[in-house]
Amino acid sequence: MRSIRRQFLSLVLGVLVSAAAVLGLAGPAAAHDAAESTSPAQGAAVATPPAEVSVTFNNNPLGIGPSISVKDAAGTEWADGAVEIVDNVVSQKLRAGGPAGEYVVAWRVVSSDSHPIEGTFSFTATAASPGGAASDTPSGAASASPTAASTVPGMGSAQPGTTAEPAEPAGSGEPFQWSIVIFAVVAVGLLVALAVLARRRLSGNDREDTEG
């Protein structure tokens with residue numbers, strides 16, 4: 001009797017330990033990639049609009065339809081050409097002639113686990129770039145034809161911009177991990193079923209010993 005009871009207790013304990021280990025590994029593995037830094041940094045003030053902007057991730061994103069939009073305070077698009085991906089850095093060139101003022105960068109990539117992620121950051125140019133207009137009269141921006149950010153994946157070899165640490169974390173949206181919840185529910189259900197079976201088996205053996 002004691003041998004059977006020990007076997008069941010060992011089985012339940014082994015399942016508990018295994019489930020805890022699997023759940024502990026499933027959390028980090030299911031996490032999507034995240035933006036670590038941007039160039040310019042979030043909320044940074046730069047002398048003039050940069051020639052390009054970039055986002056650095058903790059893993060290498062996939063070259064599937066990346067997009068980066070760079071708009072000034074008037075809503076004019078300044079992204080020019082295809083998005084470039086070099087290792088874990090995604091960059092986008094800007095047209096010349098950008099005005100002074102705030103710029104908002106909106107990015108979207110497919111992370112290394114094949115899930116799309118997106119986010120935004122902003123920076124401020126204290127002066128217009130060469131050939132640009134002042135912030136209060138963006139004539140250079142008005143005369144130029146706005147170019148939409150390309151969504152064609154680009155595996156460029158150009159060197160991306162410097163990726164300084166942001167003053168605030170770059171925003172990124174990620175879908176809720178329902179797979180972890182489902183796995184946890186299944187694991188708990190399995191443990192409960194094993195516990196009920198073990199208790200019934202032990203109760204049956206105790207009844208047999210009492211009758212005997």
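Okay, so before anything else: what we're looking at is a predicted model. Let's start with the overall layout. There are three helices and eight strands in this chain. Going from the N terminus, the order is α-β-β-β-β-β-β-β-β-α-α.

How much of the chain is buried? Of its 212 residues, 33% count as buried. As for the surface, the accessible area comes to about 11,800 Å², and 60% of that belongs to carbon and sulfur atoms. And on contacts: take pairs of residues at least 6 apart in sequence, and 73% of those contacts join residues at least 24 apart.

Now the backbone. As a reminder, most residues other than glycine have a negative phi, and most peptide bonds are trans.

Pro40 itself sits in the loop that links strand E1 (35–39) to strand E2 (44–46).

Spot two is Asp87. Asp87 isn't a glycine, yet its phi is positive, about 60°. If you're looking for Asp87, go to the loop between strand E5 (84–86) and strand E6 (89–93). Is Asp87 buried or exposed? Exposed, because its relative accessible area is 55%, and the cut-off for exposed is over 50%.

You'll find Ser114 in the loop between strand E7 (101–110) and strand E8 (116–125). Why do we call Ser114 partly exposed? Because its relative accessible area is 49%, and partly exposed covers the range between the buried limit of 20% and the exposed limit of 50%.

Last stop, the surface patch. Which residues make it? Val188, Val192 and Val196, and together they form a nonpolar patch of about 230 Å². Let me zoom in on Val196. Val196 is part of helix H3, which spans residues 178–211. With a relative accessibility of 37%, Val196 counts as partly exposed. That value also clears the patch cut-off, which asks for over 30% relative accessible area.

Notes
Residues are numbered from 1 along each chain as its sequence is written. This is a predicted model: local features need pLDDT of at least 70, side-chain atom pairs count only at pLDDT 80 or more; totals for chains, interfaces and linings use all residues. Side-chain values use heavy atoms; hydrogens and water are left out. Patches are made of residues with over 30% relative accessible area and no salt bridge: like charges are joined within 9 Å, nonpolar side chains (Val, Leu, Ile, Met, Phe, Trp, Tyr) within 5 Å. Accessible areas come from the Shrake-Rupley method with a 1.4 Å probe; for residues, only the protein chains shown count as cover. A salt bridge is a side-chain nitrogen of Lys or Arg within 4 Å of a carboxyl oxygen of Asp or Glu. Helices (H or I, at least four residues) and strands (E, at least two) are DSSP runs, numbered from the N terminus. Buried means under 20% relative accessible area, exposed over 50%, partly exposed in between (1.4 Å probe, protein chains only). Contact means heavy atoms within 4.5 Å.
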